[in-house]
Amino acid sequence: MGNVRVKVNISNIARGPSHEKTTVYKRGQEFICSEEESKKLGKDVTVLETIEEPETNANKLAEYATVETVDDSKGTVIVETESGKNVKIKTKR
Amino acid sequence: MTNAYTQYSKAVDSELVKPLENVLIGRKLVYVTAPKGWGVTSVDWGKISEMSGGYVSYGFTDGNEDMIDVALTNSKVPVYWKDYRVNRRLYEGWQLNNTDMDTSAAQSAGYVATSTEDAAIINGVTKDGTNYDINGLYQGAGNNYSTQTDFGTYGNAMAAVAGAKQLMVDDGIPAYNIPLNLVLSSTQYGELEKSTDNGFDEWPKLLRMLNGGSIYPVPSTVLAAGTGMLLPTPTVGRPYVDFFLTSNFRTEHGVDSKHPDTSDLFGRVYSAGILRIKHANAICKLSNI
């Protein structure tokens, strides 16, 4: 799933990966989050636009192979070779 | 008009209402008005609007006055109900010998009707699972603490409640000084109950943070797993939210007129009321616990 830019509809939304790294967004403020998070937030936010997936090396490589999984945060792709073996490839940054 | 069925209904009511009130969570969370009457089908009420900031000066001047501080709202009052049947011979037995009446059907029906009312108060009423026709406390909350705080890890429950209180205080709700109730989906309630670290239980510390309020579990069918909310207790929360009750739980009974002497007794248990969230910022949902 891609990312989306959303606008806050309620008084406050506090979000972050942990309590120490929480950011508070007030009514009318915008932020970018995953599509999944925007669905969880429901009507507390309005989705303004979908952010196109960035053209990373991992995503480019994925176009040329049978891809099992892509972990773009680590820049890795797992591809299936002709012999049916799965190989994890780390792309150059 | 008083007839045998009305008498029976009254007898069932006396056995039904108290047990139902004990299992209802929704009505423990909000101030409930006195019943206004079954005929009330809609209600006009005021919603507190957000006002501009206050002023400080050495004298009074014009301009510190908001034209509208309440937004008028009209809500239709829904009915929560369930129908059931009572075996005719058991009913006749009750009438003849005053034997123990069978209230199991009425109680089961009452329980599912209360569950519907509970869901309407706590979460809201939805037909498609996405859009809510009536906002409950969770759907109508004005604050959302969505920081990832898994209650399965010690300390996260306290972090979430502290974060939620901060959001409420920043909105002018005195969350540090008033009793608050914490409502959790059953999964999170279970996680919190057993949360401990080196012999220190999280539960008592969290209770102290609620300033005298309580922690309530609700089924995951009412509030999805991984969610909860914090709100003022009914004693102090009346200005922010209440449940406008038009009819408390009651039953009615009748028979099929084609077989007036032998048909089963048809029963209905019902209540009616609508949740009024006057100031949404007094409720903070916890959406990622």
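pLDDT is the predictor's confidence in each residue, from 0 to 100. This is a predicted model: local features need pLDDT of at least 70, side-chain atom pairs count only at pLDDT 80 or more, and totals for chains, interfaces and linings use all residues. Residues are numbered from 1 along each chain as its sequence is written, while chains are lettered from A and ligands numbered from 1 in the order in which they are written.

**View 1. Confidence along chain A.** Chain A has a mean pLDDT of 82, with 85% of its residues at 70 or more. Within chain A, helix α2(A) (residues 57–62) has the lowest confidence, a mean of 69, and β2(A) the highest, at 94. Helices (H or I, at least four residues) and strands (E, at least two) are DSSP runs, numbered from the N terminus. Where pLDDT is low, the predicted coordinates should not be read in detail.

**View 2. The two domains of chain A.** Domain 1 of chain A covers 3–51 and domain 2 covers 57–90. These bounds come from an automatic or database domain assignment. The C-alpha centres of the two domains of chain A are 31 Å apart.

**View 3. The open sheet of chain A.** Three strands of chain A form an open, antiparallel sheet in the order β6-β7-β8. β6(A) (67–71) and β8(A) (86–90) are the edge strands; each has a single partner strand, so one side of each has no neighbour in the sheet. The twist averages 15° from one strand to the next; axes are lines fitted to C-alpha atoms, for helices over the stretch in contact, and angles run from 0 to 180 degrees between N-to-C directions. Four bridges link β6(A) to β7(A) (residues 76–80) in the antiparallel sense. Strands count as paired if DSSP finds at least two bridges between them. Val70(A) has Val77(A) in β7(A) as its bridge partner.

**View 4. Where chain A touches chain B.** Contacts (C-beta atoms, placed from the backbone, within 7 Å) link 15 residues of chain A with 15 residues of chain B. On the chain A side, β2(A) (12–15) and α1(A) (35–41) each supply at least two residues. β2(A) gives the largest share, four residues.

View 5. β2(A) runs parallel to β7(B) (residues 143–145), joined by three bridges. Ala14(A) has Tyr145(B) as its bridge partner in β7(B).

**View 6. Chain B.** Eight helices and 15 strands make up the helix and strand count of chain B. Its C-alpha atoms fill a box of roughly 80 × 60 × 35 Å, taken along the principal axes.

Conventions:
Contact = placed C-beta atoms within 7 Å.
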